[in-house]
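Subject: Structure handover

Hello,

The structure is below, followed by notes on what was found in it. Please read the notes with the structure open.

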Amino acid sequence: MRRTAAVSLSVLACAAMALTACKRTEAPADAAPPVAAAAAAAPAATGDAAVAANDNLNAVLWMQRSQEYRAITEQTYRAAADRLDAALKEAHWDALVPEERGNEAKGLKPAVVLDVDETVLDNSPYQARLVRDGKEYDEMTWDQWVAEKKAKAIPGVVDFAKAANARGVTLLYISNRAVHLKDATLANLRAEGLPVADDSVFLGLGTVVEGCEQAGSEKNCRRRLAGQKYRVLMQFGDQLGDFVEVTANTNEGRDALLQQYHDWFGERWWMLPNPTYGGFEPAQFNNDYTQSRQARHDAKRAALDYAP
């Protein structure tokens with residue numbers, strides 16, 4: 001996913017939050033100390049800062065330190081690789097929803113579409129810095145992080161990408177990293193061993209698609225663009241918006257999308273785990289980032305099911 005919200009009804013959500021991965025931070029030249037040591041040395045956060053840090057601490061820790069996270073991502077990409085040959089042989093196999101397929105897919109070159117952030121590249125160190133410093137995502141620190149080119153590959157993705165590439169399948173990176181981050185992103189991908197055919201395979205936020213008006217950070221226009229040249233065998237992401245347009249980022253709207261495309265997951269669509277950010281979170285507070293951290297935190301607590 002990248003860091004923009006899968007929320008078409010609010011550009012604000014994209015700009016304010018790191019949902020589907022708009023952008024991220026560059027550390028000073030002397031480099032930040034390890035998270036654990038820095039956390040011990042830093043003064044205890046209070047007020048809003050304490051709330052923000054506590055909200056994401058376990059999520060980031062799980063992604064960085066749990067064996068379960070690595071097992072999930074590896075098994076997802078391994079299972080997808082096992083289905084590549086079947087997808088290639090089926091002439092009418094297509095991972096784009098009919099509304100985003102404006103032309104006949106049969107006969108086009110095969111491709112897979114991958115989100116970048118938390119799908120291909122692991123940005124948990126950026127999230128860890130926010131936890132350590134009691135801060136929230138912002139575009140300046142995100143851009144600085146991307147410029148560092150330090151994100152590591154998600155476990156399992158390199159083996160899958162190489163298997164797809166060996167079969168003549170093009171890897172397309174449809175990301176909500178902004179277009180001005182293309183060079184740093186492609187350099188990071190190449191450094192991690194991901195196949196990059198050329199600069200055209202990166203379709204970042206801000207890509208202009210003739211005849212299609214993008215709503216906020218939604219990716220539907222860019223998926224349409226990919227479909228003009230390619231038969232899309234599979235899509236990979238960590239947000240619903242990485243697969244289909246989210247027109248109503250509410251619990252009910254998201255539930256309806258999941259139900260509608262339930263059978264696509266595990267065949268055409270492959271979801272990666274990301275508990276640190278995403279459309280699920282602002283859906284609990286009406287996608288309103290003008291609220292204080294405390295108000296957003298309270299809304300999320302109120303959304304919990306206590307099984308009374």
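A crossover is called right-handed if, with the strands pointing away from the viewer, the path from the first strand over the helix to the second runs clockwise. Helices (H or I, at least four residues) and strands (E, at least two) are DSSP runs, numbered from the N terminus. Strand 4, helix 9 (residues 182-191) and strand 5 form a right-handed β-α-β unit.

This is a predicted model, in which local features need pLDDT of at least 70 and side-chain atom pairs count only at pLDDT 80 or more, while totals for chains, interfaces and linings use all residues. Residues are numbered from 1 along each chain as its sequence is written, and side-chain values use heavy atoms, with hydrogens and water left out.

Strand 4

Strand 4 spans residues 170-178, and nine of its nine residues are buried (under 20% relative accessible area; exposed is over 50%, partly exposed in between; 1.4 Å probe, protein chains only). One side carries T170, L172, I174, N176 and A178, the other L171, Y173, S175 and R177, and both faces are covered.

Two strands pair if DSSP finds at least two bridges between them. Strand 1 (residues 109-114) runs parallel to strand 4 and is joined to it by four bridges; there, L114 has Y173 as its bridge partner. Strand 5 (residues 202-205) also pairs with strand 4 in the parallel sense, over three bridges, and its L203 stands opposite I174.

R222

R222 is part of helix 10 (residues 220-229). What is the nearest side chain of opposite charge to R222? It is D115, 7.7 Å away, and the buried R222 has no salt bridge (a side-chain nitrogen of Lys or Arg within 4 Å of a carboxyl oxygen of Asp or Glu). The side chain of R222 does make a polar contact of 2.6 Å with the side chain of N176 (a pair of N or O atoms within 3.5 Å, one able to donate a hydrogen and the other to accept it; residues adjacent in sequence count only if both atoms are side-chain atoms). It also reaches the backbone oxygen of L203 at 3.2 Å.

Salt bridges

The count comes to 17 salt bridges. One of them joins D55 and K300 at 3.0 Å, N to O. D55 lies in helix 3 (residues 47-65) and K300 in helix 12 (residues 293-302), so the pair ties together parts that are 245 residues apart in sequence. Another links K150 and E148 at 3.2 Å; K150 is partly exposed at 43%, whereas E148 is buried at 12%.

Regards

Key:
Lys and Arg count as positive and Asp and Glu as negative; His and the chain ends are not counted.
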